[in-house]
Amino acid sequence: MVYHSSFIDDDEITKACGCPLLPLKTHIKGPAPAADSDKADIVDEAITFFRANVFFKNFHVKSPADKLLIYLTSYINIALKRLETCRTLAVGTKAIINLGLEKVPVPGEPGFPFPGLFTLPQSGEEAELLRNYLKQIREETSGRLLNCAYRANGTPNKWWLAFAKRKFMNVVIL
């Protein structure tokens, strides 16, 4: 059974292209509202559920937050693929920073990993809002993922990096 997000559909949460702009525990500037530091956010859920959810080829979406969980699971898979060859935390950090500098595609643009997951943007403003939110959430996920993928002494954690070989929902990552 696939793990779903605990964030249920809330009418108070702003959405862009059908993607909920959920609160984040972050210091990175962006459109995400601030979350309570003592509660888990969507990034915590994505990292916690990644190793279980990556084995599934199908993911039944129960709430809009599940769509964001799918996107983050795919992103974590991409990030681990980049970290797979990095033998130290310093090299891994550089690889993650380079991944963060890449252009973030939104639905309807080439390179968006799951066409149809989110609706197409109705305006340029909505597309930019989603792009900025995805960029912010990717940067936050990358920072937290480094803490999991590398031990305190800077060596790779094989129990995390082994999952770079997995395909999530049969999506091939290049």
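Is Q122 buried or exposed? Hold that thought for a second, everyone, while I say that what we have here is a predicted model. Now, back to the residue: Q122 is exposed, because its relative accessible area comes to 69% and the cut-off for that word is over 50%.

Let's stay with this glutamine for a moment. Q122 sits in the loop between α3, which is residues 89-101, and α4. Its side chain has a polar atom that lies 3.3 Å from the backbone oxygen of L120. If you look for A16, you'll find that it and Q122 are 106 residues apart in sequence, while their C-alpha atoms are 9.2 Å apart in space.

Next, let's turn to charges. Side chains of opposite charge can pair when their charged atoms come close. In this model, the count of salt bridges comes to 12. I'll take you through some of them.

Start with D44 and K25, a salt bridge whose closest N and O atoms are 2.7 Å apart. This pair links distant parts of the chain: D44 belongs to helix α1, residues 42-53, and K25 to the loop between β2 (19-20) and α1, with 19 residues separating them. K25 counts as partly exposed, because its relative accessibility is 24%.

Now find D41 and R144, which form a salt bridge with 2.8 Å between the closest N and O atoms. D41 is in the loop between β2 and α1, and R144 is in helix α4, residues 124-149, so the bridge ties together parts of the chain 103 residues apart in sequence. Are these two buried or exposed? Both D41 and R144 are buried. There is a network here as well: K25, D41, D44, E140 and R144 are joined into one by salt bridges that share partners.

Another salt bridge pairs K39 with D36, at 3.9 Å from N to O. K39 is exposed, at 53% relative accessible area, and D36 is partly exposed, at 43%.

Last stop: the helices. How do α1 and α2 cross? The axes of α1 and α2, the latter being residues 64-83, come within 9 Å and cross at roughly 65°, so α1 is roughly perpendicular to α2. The crossing is right-handed. On the α1 side, the residues making the contact include I42, V43, F49 and F50. On the α2 side, look for L68, L69, L72 and I76, among others.

Conventions:
Residues are numbered from 1 along each chain as its sequence is written. This is a predicted model: local features need pLDDT of at least 70, side-chain atom pairs count only at pLDDT 80 or more; totals for chains, interfaces and linings use all residues. Side-chain values use heavy atoms; hydrogens and water are left out. A salt bridge is a side-chain nitrogen of Lys or Arg within 4 Å of a carboxyl oxygen of Asp or Glu. Helices (H or I, at least four residues) and strands (E, at least two) are DSSP runs, numbered from the N terminus. Buried means under 20% relative accessible area, exposed over 50%, partly exposed in between (1.4 Å probe, protein chains only). A polar contact is a pair of N or O atoms within 3.5 Å; within protein, one must be able to donate a hydrogen and the other to accept it, and residues adjacent in sequence count only if both atoms are side-chain atoms. Axes are lines fitted to C-alpha atoms, for helices over the stretch in contact, and angles run from 0 to 180 degrees between N-to-C directions. Angles under 35 degrees count as roughly parallel, over 145 as roughly antiparallel, 65 to 115 as roughly perpendicular and the rest as oblique. A crossing is left-handed if the near helix is turned anticlockwise from the far one by less than a right angle, and right-handed if clockwise. Contact means heavy atoms within 4.5 Å.
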